[in-house]
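Have a look at it, then read on.

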Amino acid sequence: MNWLAVLLGAAVGAPLRYLTDRALRARRGSAFPWGTFAVNVAGSFVLGLVAGTTTARAHLLLGTGLCGALTTYSTFSYETLKLYEDGAKRLAVLNVAGSLAAGLGAVWLGVEAAAGLR
């Protein structure tokens, strides 16, 4: 049954990632990968909440399934490399530094928010 929890979470996370990326690309229209940035930061926050407030089954559903399908290290890596190769070296560095700082900040906020809910 654990695999079913992961499957259900991923079934929500993957389309949410796709739709978020499309919506932000349509609105922002810039070279910066705002969609990937947004889902990675949001997923970090949710994972922080999950880490501090849920059961093992909820960890599988929300942490492994939802956040695992919502967030994406491979797309982040590819988009950063593409920025660099296309000559947008500053945007590539900003993507790495901003994603790391925002992701760590978001997971910390999630853990703190979870502690406040206890």
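## Salt bridges and helices

Lysine 82 and aspartate 86 join their side chains in a salt bridge, at 3.6 Å from N to O. A salt bridge here is a side-chain nitrogen of Lys or Arg within 4 Å of a carboxyl oxygen of Asp or Glu. Lysine 82 is partly exposed at 34% relative accessibility, while aspartate 86 is exposed, with a relative accessible area of 56%. As for those words, buried is under 20% relative accessible area, exposed is over 50%, and partly exposed is in between (1.4 Å probe, protein chains only).

Before going further, keep in mind that this is a predicted model, where local features need pLDDT of at least 70 and side-chain atom pairs count only at pLDDT 80 or more, while totals for chains, interfaces and linings use all residues. Residues are numbered from 1 along each chain as its sequence is written, and side-chain values use heavy atoms, with hydrogens and water left out.

How many salt bridges does the count come to by this rule? The count is three, and here they are:

| Pair | N to O distance |
|---|---|
| Aspartate 21 and arginine 25 | 2.8 Å |
| Glutamate 79 and arginine 25 | 3.2 Å |
| Lysine 82 and aspartate 86 | 3.6 Å |

Asp21, Arg25 and Glu79 are linked in a network of salt bridges. Aspartate 21 and arginine 25 sit four residues apart in helix H1, so about one helical turn separates them. In general, an α-helix has 3.6 residues a turn, so residues three or four places apart point the same way. Aspartate 21 is buried, with a relative accessible area of 18%.

The other partner of arginine 25 is glutamate 79. Glutamate 79 lies in helix H4 and arginine 25 in helix H1, so this pair ties together parts that are 54 residues apart in sequence. Helices are DSSP runs (H or I, at least four residues), numbered from the N terminus, and H4 covers residues 73-85.

Is glutamate 79 buried or exposed? Glutamate 79 is buried, at 11% relative accessible area. Leaving out residues up to four places away in sequence, glutamate 79 touches Arg25, Pro33 and Thr36, where a contact means heavy atoms within 4.5 Å.

Key: Helix = DSSP H or I, 4+ residues; strand = E, 2+ residues; numbered from the N terminus.
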